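Subject: Handing over the structure, with notes

Dear colleague,

I am passing this structure on to you, and I would be glad if you looked at it before reading my notes.

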Amino acid sequence: MTIRAPAVDDRFYPGDPSTLSRALDELIPVKTEKKQALAVISPHAGYIFSGKIAGETFARVEIPKDIILLGPNHHGRGAAVAMMAEGYYRMPLGDIPINSELASMVDTSGIIAEDVTAHQPEHSLEVQLPFIQHLRSDFSLLPFVVSHLPYSSCVEVGKELARVIKEYGKPVLLVASTDMTHFESRQSATAKDKQAIQKIEDLDPETLYDTVIGQGITMCGIMPTTITLVAALDLGARQAELVGYSDSAATTGDTSQVVGYAGFVVS
């Protein structure tokens with residue numbers, strides 16, 4: 001049985017369960033009205049930087065029992081699209097079971113591979129999980145760590161995930177993990193991120209991909225986001241709503257080099 005241990009607890013978020021729960025209480029607003037969604041796009045920095053955007057984003061949606069989570073590969077380990085297919089993600093708030101039934105439905109004869117090595121050091125998935133656990137403790141997970149891909153491969157993976165969700169026949173929430181522009185001035189980052197945000201709101205994954213790559217926008221989760229939009233469109237998505245946008249200067253006060261954060265709900 002594979003157990004993926006926490007890699008960034010006590011760095012990106014509190015590792016003590018009680019402290020973490022209190023932090024999540026502050027970051028996740030109480031929403032009386034939630035919507036059923038196909039996908040969420042959420043940032044993955046330390047909670048003092050992006051936790052408010054992430055909390056507000058997850059608070060907007062009904063969390064189903066099954067989650068497919070995609071994040072970028074910051075370490076270069078493992079397969080191009082690395083799926084953890086069995087075992088648990090161990091987290092301070094409790095172990096999260098991998099949905100082996102969903103995993104068994106995924107075609108691994110092409111670009112997707114079963115590979116836990118990419119997951120072990122990767123923070124982009126891990127930091128999302130406490131938000132989901134705080135809102136629903138009894139969910140299962142199918143996680144993917146994604147490296148740089150051509151657009152055609154993003155389409156291939158997105159359509160494969162949509163096929164699996166359709167055949168599964170139960171509600172599944174797609175979650176794409178991404179930060180926006182990295183280490184540019186607030187003025188530059190905001191201008192670049194505005195372009196990417198518009199393409200997400202337009203539900204236009206191809207133009208989003210081309211804009212981010214062509215304009216040199218350092219959106220680290222462009223591949224997971226593109227895949228998620230492709231899958232959501234195949235599942236009937238009609239709207240991508242921007243929940244909020246901020247940057248690291250809101251915490252540090254330093255506008256000379258910021259990282260941008262955005263949250264979206266796709267329905």
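The notes below go from the whole chain to single strands and residues.

Please keep in mind that this is a predicted model, in which local features need pLDDT of at least 70 and side-chain atom pairs count only at pLDDT 80 or more, while totals for chains, interfaces and linings use all residues. Residues are numbered from 1 along each chain as its sequence is written, and side-chain values use heavy atoms, with hydrogens and water left out.

The chain holds 10 helices and 12 strands, where helices (H or I, at least four residues) and strands (E, at least two) are DSSP runs numbered from the N terminus. With a radius of gyration of 17 Å, close to the 18 Å that the globule rule gives for 267 residues, the chain is as compact as a globular protein of that length; the radius is taken over C-alpha atoms, and the rule is 2.2 Å times the number of residues to the power 0.38. Along the principal axes, the C-alpha atoms fill a box of roughly 45 × 45 × 40 Å.

Of the 267 residues, 54% count as buried, a word that stands for under 20% relative accessible area, with exposed meaning over 50% and partly exposed lying in between (1.4 Å probe, protein chains only). If we take contacts (heavy atoms within 4.5 Å) between residues at least 6 apart in sequence, 82% of them join residues at least 24 apart.

Strand β8 (residues 140-146) is mostly covered, as 7 of its 7 residues are buried. S140, L142, F144 and V146 point one way from β8, whereas L141, P143 and V145 point the other way, and all are buried. Two strands count as paired if DSSP finds at least two bridges between them. Strand β3 (residues 66-72) runs parallel to β8 and is joined to it by 7 bridges, while strand β4 (residues 81-83) runs antiparallel to β8, with 3 bridges. V146 of β8 is the bridge partner of P72 and also that of V81.

Elsewhere, 3 strands form an open sheet with mixed pairing, in the order β1-β5-β6. Its edge strands are β1 (3-4) and β6 (96-97), each of which pairs on one side only. β1 pairs with strand β5 (residues 88-89) in the parallel sense over 2 bridges, and R4 stands opposite Y89 in β5.

D10, with a phi of about 70 degrees, is found in the loop between β1 and α1 (17-27) and counts as exposed at 61% relative accessibility. L203, with phi near 50 degrees, lies in the loop between α7 (186-201) and α8 (205-214), but L203 is buried, with a relative accessible area of 11%.

Lastly, there is S124, which has its place in helix α4 (residues 123-126) and counts as buried at 0% relative accessibility. Leaving aside residues up to four places away in sequence, S124 touches H44, G71, P72, H74 and S177. By contrast, S124 and R60 are 64 residues apart in sequence and 21 Å apart in space, C-alpha to C-alpha.

With kind regards
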